[in-house]
Amino acid sequence: MADGPQEPMVIDARQLERIQHVHRGFLYQHLYVAECLLRAPGTDTLRIVVERDEDVEIVNPDGRLYIQVKTRGETLQPADVIDALARFVDIRREHAAGARQGTASFLIACNVPPSPKLTKMREADDWPVDVELNWPAGPNPKPGVPRPAASVADAVGACVAIADALPFAILRADTLTWKLAGAVMMASSGSPPREDHAFASDELPALFEQLVVQMQHVPAPPLVYRSQVEEPPLLTDDRVRIIS
């Protein structure tokens, strides 16, 4: 049992549930993008864009994949995708007119499967051929595109599994995962240095290494320091020193 006073029950439990749902949805999306970044090296991905026309946009030499990321409780309903399908029409028109380069394709990624009604819509003849649905047990995604996780915890686990294989053994994989999720959050806000909301594929290795360097930075010497018995001077002209 935790020591100290406990937090009182909230006055409006439904409000708390709504708040948790909103933050869980954004966190799930940030982790989805973090996995996109981790999967991009070795694919034909040129750039990954977050929070512009869609939640995620993966740019490759042939065009752009627009991804809408959703989290729901049990199943994905037709009402959950109607607005996205309408936006896809406008985006598709921009590509057809030549205002945007390449071919547009679309993906709706969700943590739960489609409902029977949405499955029936998806199998109908009038479902757009360039729109895919993806869920944890759904069709295999394209290279560089994550398989949606069932929960935030699973999304963290998927990122950690990939980060653990990167050649940065000195940094914990979960630490790199959370640093990437934070970078995605900053890019989503349009804050420097990513006002364009984009990550270029060729800069990702340098980004991973930069995060490692930041986490391994040696702190500055303290202003007041009391040396131990027989300890060498803290400040010296020697080039390399190790105190253990």
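**Entry 1: terms and model**

I count a residue as buried under 20% relative accessible area, as exposed over 50%, and as partly exposed in between, with a 1.4 Å probe and protein chains only. I take helices (H or I, at least four residues) and strands (E, at least two) as DSSP runs, numbered from the N terminus.

The model is predicted: local features need pLDDT of at least 70 and side-chain atom pairs count only at pLDDT 80 or more, while totals for chains, interfaces and linings use all residues. Residues are numbered from 1 along each chain as its sequence is written, and side-chain values use heavy atoms, with hydrogens and water left out.

I looked up the confidence next; pLDDT is the predictor's confidence in each residue, from 0 to 100. The protein chain has a mean pLDDT of 89, and 89% of its residues reach 70 or more. Among its elements, β4 has the highest mean pLDDT (98) and α6 the lowest (67). Where pLDDT is low, the predicted coordinates should not be read in detail.

**Entry 2: overall layout**

I found six helices and six strands in the protein chain. Along the sequence they follow the pattern α-β-β-β-α-β-α-β-α-α-β-α. The protein chain has 244 residues, of which 38% count as buried. I then looked at contacts, meaning heavy atoms within 4.5 Å. Among those between residues at least 6 apart in sequence, 62% join residues at least 24 apart.

**Entry 3: nonpolar cores**

I searched for nonpolar cores, that is, sets of buried Ala, Val, Leu, Ile, Met, Phe, Trp, Tyr and Cys residues joined through side-chain atoms within 4.5 Å. The largest has 37 residues, and Y32, V56, I67, L180 and F199 have the most contacts inside it. At least two residues of this core come from each of α1 (13-39), β1 (47-50), β2 (56-60), β3 (63-70), β4 (103-110), α4 (152-163), α5 (173-189) and α6 (204-215). The largest share, eight residues, is supplied by α1. Apart from this core lies another, of 17 residues, including V81, A84, L85 and W135. In soluble globular proteins, nonpolar side chains tend to be buried together.

I listed the neighbours of I67, leaving out residues up to four places away in sequence: Y32, E54, D55, V56, I58, L107, A109 and V145.

**Entry 4: A109**

I turned to A109, which lies in strand β4. A109 is buried, since its relative accessible area is 1%. Beyond four places in sequence, A109 touches Y32, I67, Q68, V69, K70, N134 and P148. A109 and Q29 are 80 residues apart in sequence, and their C-alpha atoms are 9.9 Å apart in space.

**Entry 5: aromatic pairs**

I counted rings of Phe, Tyr and Trp (its six-membered ring) as paired if their centres lie within 6.5 Å; planes under 30 degrees apart are stacked, over 60 edge-to-face, and the rest tilted. The search of the whole structure returned two pairs. Y66 and F106 are stacked, 5.5 Å centre to centre with 25 degrees between the planes. This pair links distant parts of the chain, with Y66 in strand β3 and F106 in strand β4, 40 residues apart. F88 and F106 are also stacked, 4.4 Å centre to centre with 25 degrees between the planes. Here F88 belongs to helix α2 (residues 78-96), and F106 in strand β4 is 18 residues apart from it. Y66 and F106 are both buried, and F88 is buried too. Y66, F88 and F106 form one aromatic cluster.

**Entry 6: helix α2**

The 19 residues of α2 should span 27 Å, and its end C-alpha atoms are 26 Å apart, which agrees.

In α2, I found P78, D80, V81, A84, L85, F88, I91 and H95 buried. They lie on the same side of α2 because they cover an arc of only 130 degrees around the axis; the arc is that of the directions from the helix axis to the C-beta atoms. An α-helix has 3.6 residues a turn, so residues three or four places apart point the same way. On the other side of α2, A79, D83 and R93 are exposed. The cover over the buried residues of α2 includes β3, β4, α3 (116-123) and β5 (131-134). Just after α2, G98 takes a positive phi of about 85 degrees.

**Entry 7: backbone details**

I noted a cis peptide bond between P192 and P193, with omega about 5 degrees. P193 is in the loop between α5 and β6 (198-200). H197 is found in the loop between α5 and β6, and its phi is near 65 degrees, a positive value in a residue other than glycine. H197 is buried, with a relative accessible area of 12%.

E51, not a glycine, has a positive phi of about 55 degrees and is found in the loop between β1 and β2. E51 counts as partly exposed because its relative accessibility is 25%.

How values were computed
The expected span of a helix is 1.5 Å times one less than its number of residues.
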